[in-house]
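Please read the briefing below alongside the sequence and the coordinates.

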Amino acid sequence: MKKVTNRHSISRTLLLAVVLLFSIFNSAYAQEGEGDSSQTEIPADAEEDSEGGSDVQGDVAAGKDLFNSNCAACHKLYKRSTGPALHGITDKYDKQWLYDWIHDSQAMVQAGDPDAVAIFEEFNKVPMPPYPQFSEEDIDNILAYVEQPKPEPKAPASAEAGGADKASGGGGGVSTEVILGVLSFVLLLLVVILFLVNKTLTRFAKASGVELPEKKKEKRTPIWKAFAQNQFLVIVVSIVFLLGAAYFAYGYLMQVGVDQGYEPVQPIHYSHKIHAGDNGIDCKYCHSSARVSKHSGIPSLNVCMNCHKSISEVAPETATEEYSKEFYDAEIAKLYDAVGWDVETQSYTGEEKPVKWVRIHNLPDFAYFNHSQHVSVAGIACQNCHGPVEEMEVMRQYAPLTMGWCIECHRETNVKMEGNKYYEKIHEQLSKKYGVEQLTAAQMGALECGKCHY
Amino acid sequence: MSSNKKYWKSVEELKENSPVVEALQQNEFVEEIPTDEFLGDKESLESSKTSRRDFLKFVGFSTAAASLAACEGPVVKSIPYVVQPERIVPGVANYYATTMADGFDFSSVLVKTREGRPIKIENNALNGISTGAGARVHASVLSLYDNNRVMRPMIKGEPASWADLDAEVLQGLRNVSGDIVLLTQTFASPSTTKLIKEFSDKYGNVRHITYDAVSEDAGLNAFEAKYGYRALANYDFTEAKTIVSVGADFLGDWQGGGYSPGYAKSRIPKNGKMSKHIQFESNMTLSGASADQRIKATPSQQKAVLAAIYGYIVGGSSTSNLPAKLDDAVVKAVRQLRKGGSKSAVVSGIPEDDAQALVLEINETLGSSLMDTENGKMTRQGNAKAVQQLVKDMNAGSIGALLVAGVNPAYSLPNANEFVEGMKNVDLSVAFSMKEDETAKLCDYVAATPHYLESWGDVQFTKNTFGLMQPTIRPLFDTRQFQDTILTWTENKATYYEYLKDTWSNASIGFDWNSAVHDGVFEGKSPVNVDTTGIAGGSAAGAAGRLAQAEPANGKFELVLYTKTALGDGKQANNPWLQELPDPITRTTWDNYITISKPDADRLGLENPIVSNGAMNGNYVNLKLDDKTISNIPVIIQPGQAEGSIGLALGYGQKEAIQEEMQVGVNAYPIYKDFKAFQNVSLEKAAGEHEFACTQLQSTMVGRDDIVRETTLEIFNTKDREHWNHIPKVGYNHVETPVGVPGKTDIWESFDDTVGHHFNLSIDLNACTGCGACVIACHSENNVPVVGKDEVRKFRDMHWLRIDRYYSSADTFEQEKEDLENLGAFETFTDVETASYDNPEVAFQPVMCQHCNHAPCETVCPVAATSHGRQGQNQMAYNRCVGTRYCANNCPYKVRRFNWFLYNKNDEFDYNMNNDLGRMVLNPDVVVRSRGVMEKCSMCIQKTQKTILDAKREGRVIKDGEFQTACSQACDTGAIVFGDVNDKDSEVLKLKENNRMYHMLGNLGTKPNVMYQVKVKNTTEV
């Protein structure tokens, strides 16, 4: 009877394991679905919808191109900017009026057209440039584009259906993890089974009276005692231990105060990747003082506003998996809040809240570093010391900024002297002295203590 | 012969076999530091609560705590501008020209600002109009960040708003019964004059009284009587051949100062010629110290001397009633004056209208081109008589309203107590003040005024030279400048800026406002007509007779009140830089004191003992004038003080709106009777000893000579260099060999200093007047901390640049030479010293790190914290220094300074570096040193590096004159010249090749990069 009970117990365990396995698979898929549904749908298929929806006839695609190249600097579809929001414009004004306005708005204002004057007054008397080159067809195309129905963010409910489809074709990365998980579970199961089998067999053997060979217990010195008695080994081990400890202690101490990789959270999530990378803005556009000053300077907010006056939201393509469009737009709103910019009235309120950035590169006070020397005189790229900033979503300290690191570079880098009258004399003298044509910073005296410590 | 003179720094050194001096030549301290007494004293050790084990525990704990704390860096916040001003680039300095005019110091300056904070004052040399800038002008930037300033308007001691203050004062002014009196400092401002006139027109019964705490009334009266407008004669000594001064410290604050640049130019021998300067005086002053011949004369003798000079030159007399010795000196001086002809001038500091009238008369007779009366000096306008009348009127109750601006009469009036009484009869009293000082405390209303660096204004230096004042920072506090307030009270809606611009645009004098603001100074005509008496040509007849009859003070001392280089009239008494600036003559800081001659001191039993740690003490005296007594004034025995005379500095002893540490000295204004600097007083010794914080015995060069080199013009012109400026030689293989011949008398390996820049600094001992501007400029450029009186007394001052003052023995070199030749070898030493004690010659020598090419300090540093740069600078890496102080020990020039304590953010040293406001003055390019490290002059490496970088960026060659140190820039006499000797066109190279060039302690072979020019004295007699 006993045997039967045992067999039962194994099969029951197996069953349990299979159930467990399935439940894991299920939960994994479920997460996948949820993750997708949180995203909103991009109005990818807006073009087809517009066919019936709008009363403006025109080529939406051509209109989009014209709009982006001519109008987008001042107009947005659904929001006020320098000029009014354009969606719904055809309901307010008749077509001929719009043609006239776009061809030459100032003429209309001067002629005293009441609508024209009203809109000119409303937008701080900023004149709209005339576009006589646009044919009426062009304008129709633009209007067709701006009058497309506003795309609604797709409801989460609609995503649910698609969720399952996407999960079935799920990413390879996830499935390997699952497979590995299953494998390890099976192995674990095997170990358990082996143990149980062993136990059962022993019991069988006992029951059948089979004699199992007893383990012989010899009297041996325990290994730790043997070790302690071997003085040579003790000395070797302790030397190795001490050396190892010293190595690690040294390593630990040498990294004290070195903040390489320091990546603090900033009050406004500013992405260098978007600005310097995607949009290719020159570093020195914002960090302009690096050209003339020892500081590279954190740009003042008025520099941000040079562009962000008209860029109040990011393009949908800017959003990444990690950071959504809403997230970025909220960050731009933070900028507006700090600089006191009222998006509604397109004007400054005068309420300024200076931003307390967290400083990343902290040289000690006793070390003097001058950006202009390196940037303007030597012409070194910013990336030499700051790393691939244009790829950094969050700015971090790339270089160790230790003295050894500075010295290393000064030893190896040749000073750029061509065409600089200052260097003419000293280049002549030093190249004669050292017998070389190219001089390193070190040969110029850039290793002297007093050059950086005063 | 020149370098055989014996120089000495203190009275103690002259005593025969003084154990103190001998000890100091050998040791750092006179006595052993009593370590054994403490350590060997079992009782005191046992009574100590800290056991050895506790001590070790503390050490262990603090080490662990420190290393733990060091592991995690702090989070540093950076806050950029929201809207960055166009002209401000973080890290780049902006310069603005403006004008200092606080009623005592008037100077056109250049202000260096960083990120909108003024951090340093520099000379404005742009327009060729030199107004001179001394230590106080350079230090005035720290007064901007004074913690004790009034931060907002006050009504009856309570903070108030400007609206309330305006309303109440306007009410008061409208209903005033009696006169309205404006008691102001000298503004010398055309716009302010115009504004005050408009104010008077509005209220009708307004009197404007100008009050100078330190009066130049006599000079003004005499000038006004003769030339018809209230000003002072202006002098330019650039071309001078003979200058005779009778009691005028014209290198100091005499008649507003600013004469040293021209004077110094005339002192540098050119084509074998230089000016001759003869000084008759009682106190030892800067002018006396620089003079070729200094004749001691008490105030009464000075009057007689001036009368005699007048007699000889104008009166045509051939004899005088002077004692023979003095008469001889006067006759010689007169001969010099005649020889100089129109290139000579007499100046006098005698506070008598008669004396000043005589001076003008003498110079007129000489036809002096040095004196300019057409373009009179306008920076003193005070009227002593009117001020005295005001105090009387106040007590009589006829003053309804008193508006006090920029002056502190309750402190600085001789009869301040009467003024205080009189204030009770005044219904409406307003103080326009930066401080809640003695006067502001008495007034109902305090209209807080801004510092000059926060204000607009114009200044009339001389009749035709003007300066503009522009703000360099937005007002730090809720202040409003005097003129703006008066505009409000005249119900004029304009701001003072608009008013000012308007004044000058109406003047149609043809200059561009923007360029005038940019330059800071310009020449022109005043757009405002000042009422003048118009009566010119007053006669000096009888004046000489009256002066000559001056009686010596029988049984009393003739006191000469003077102003010290550091504090002046005391307006900036709360400025720690100035308090710690050693007096050029006595080398004493943080004090004023009576200077007395040795014979007088002996008679009264006064002494200046040197105590065990080398510091100096002094006896106290009580001073009595009529019924006024000032008790416990410390005494310093001053070599060269005229017998029977004593000196005492004004401007000390303030008690209100001044930090406790800076409430030092005694107030001498109560004995400034009738605004006259000459008084007859009696002295008596009082009990107790005063502790001076004096840098006098400090930094002795352990008995080594060859420090200052002097010669006379005659020897300089006739003998070759070897005679008066020999190159030091040492024996090598029993052959005299010049020091520093490689392979022979040079054990060093030389640096290659021919490549790139090599900086040298030249100091001309002839041009240095000891004014101290360089010392303050160095402080502000290099963030030198203030250590306080107690620490200075322990010789722990942190000055990177000191101006050593050496007394030397004989009246003239000739006399000394004769004396030495006639005396036996062993007598020479003592005799020369003692004989000349009473009237020594003085030499000033600015000493900073000499930046030796063979630096003794570099070789002894165990951690290589100090090393040599290829550009000649001896560099000091503070972060590497572990504080062994070997370098300071091995430095023959004693220029290294050790941070015994943490001087910033430390309540024990509560000076400017201990408060947020005061720290705003720090130079961000220079690190603030911490405790336990050595520091010293860096030859302003931050400035040379910046000049090089600017040139690199602009891709150009550096011109001579671009390289400057803080001291060379501050030196308006041109004594300190800095530059690159590898630049063949540089001035400093010419100076290096000059015959007068020598190196201090050249026999040591340290090959310094700082050089000196031999001092030449013009002892030529006619």
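A residue counts as buried if 20 or more other C-beta atoms lie within 10 Å of its own, as exposed if 12 or fewer do, and as partly exposed in between, with C-beta atoms placed from the backbone. By that criterion, the buried residues of α5(B) are Ala135(B), Arg136(B), Val137(B), His138(B), Ala139(B), Ser140(B), Val141(B), Leu142(B), Ser143(B) and Leu144(B). This is a predicted model, in which local features need pLDDT of at least 70 and side-chain atom pairs count only at pLDDT 80 or more, while totals for chains, interfaces and linings use all residues. Residues are numbered from 1 along each chain as its sequence is written, and chains are lettered from A and ligands numbered from 1 in the order in which they are written.

**Confidence**

- The predictor assigns the complex an ipTM of 0.82 and a pTM of 0.82.
- For chain B, the average pLDDT (the predictor's confidence in each residue, from 0 to 100) is 85, and 88% of the residues score at least 70.
- Over residues 698-704 of chain B, pLDDT stays under 50, and the model has 13 contacts beyond four places in sequence for this stretch; here two residues are in contact if their C-beta atoms, placed from the backbone, lie within 7 Å.
- Residues 826-836 of chain B also have pLDDT under 50 throughout, with 20 contacts beyond four places in sequence.
- Where pLDDT is low, the predicted coordinates should not be read in detail.

**Composition of the two chains**

- Chain A has 20 helices and three strands, where helices (H or I, at least four residues) and strands (E, at least two) are DSSP runs numbered from the N terminus.
- In chain B there are 34 helices and 43 strands.
- Of the 454 residues in chain A, 14% are buried, whereas buried residues make up 55% of the 1022 residues in chain B.
- Considering contacts between residues at least 6 apart in sequence, 69% of those in chain A join residues at least 24 apart, and for chain B the corresponding share is 75%.

**The interface between chains A and B**

- The interface brings 47 residues of chain A into contact with 40 residues of chain B.
- On the side of chain A that touches chain B, at least two residues each are supplied by α15 (301-308), α16 (325-339), β3 (357-358), α17 (371-377) and α20 (421-434) of chain A.
- The largest share of that side, six residues, comes from α20(A).
- The residues on this side of chain A divide into 19 nonpolar, 18 polar and 10 charged, where Ala, Val, Leu, Ile, Met, Phe, Trp, Tyr, Cys and Pro count as nonpolar, Asp, Glu, Lys and Arg as charged, and the others, Gly among them, as polar.

**Covered helices**

- Helix α8 (residues 136-146) of chain A has eight of its 11 residues buried, so it is largely enclosed by the rest of the structure.
- Elements covering the buried residues of α8(A) include α3 (60-71), α4 (89-92) and α5 (95-103) of chain A.
- α5(B) is mostly covered, with 10 of its 10 residues buried, and its cover includes β3 (93-101), β4 (106-114), β5 (117-123), α22 (576-579), α26 and α33 (966-970) of chain B.

**Helix packing in chain B**

- The axes of α5 (residues 135-144) and α26 (residues 773-782) of chain B come within 7 Å and cross at roughly 20°; axes are lines fitted to C-alpha atoms, for helices over the stretch in contact, and angles run from 0 to 180 degrees between N-to-C directions.
- α5(B) and α26(B) are therefore roughly parallel to each other, a label for angles under 35 degrees, with those over 145 counted as roughly antiparallel, 65 to 115 as roughly perpendicular and the rest as oblique.
- This contact joins Ala135(B), His138(B), Ala139(B) and Val141(B) of α5(B) to Ala773(B), Val775(B), Ile776(B), Ala777(B) and Ser780(B) of α26(B), and its residues comprise seven nonpolar, two polar and no charged.
- Helices α11 (residues 299-315) and α13 (residues 353-366) of chain B pack at an angle of about 30°, with their axes 10 Å apart, which makes α11(B) roughly parallel to α13(B).
- The residues of the contact of α11(B) with α13(B) divide into nine nonpolar, one polar and two charged.

**Backbone points to check**

- Most residues other than glycine have a negative phi, and most peptide bonds are trans.
- His734(B), in the loop between β31 (729-732) and β32 (735-738) of chain B, has a positive phi near 60° and counts as exposed, with 6 C-beta neighbours inside 10 Å.
- His851(B), in the loop between β35 (841-847) and α30 (856-860) of chain B, has a positive phi near 45° but counts as buried, with 26 C-beta neighbours inside 10 Å.
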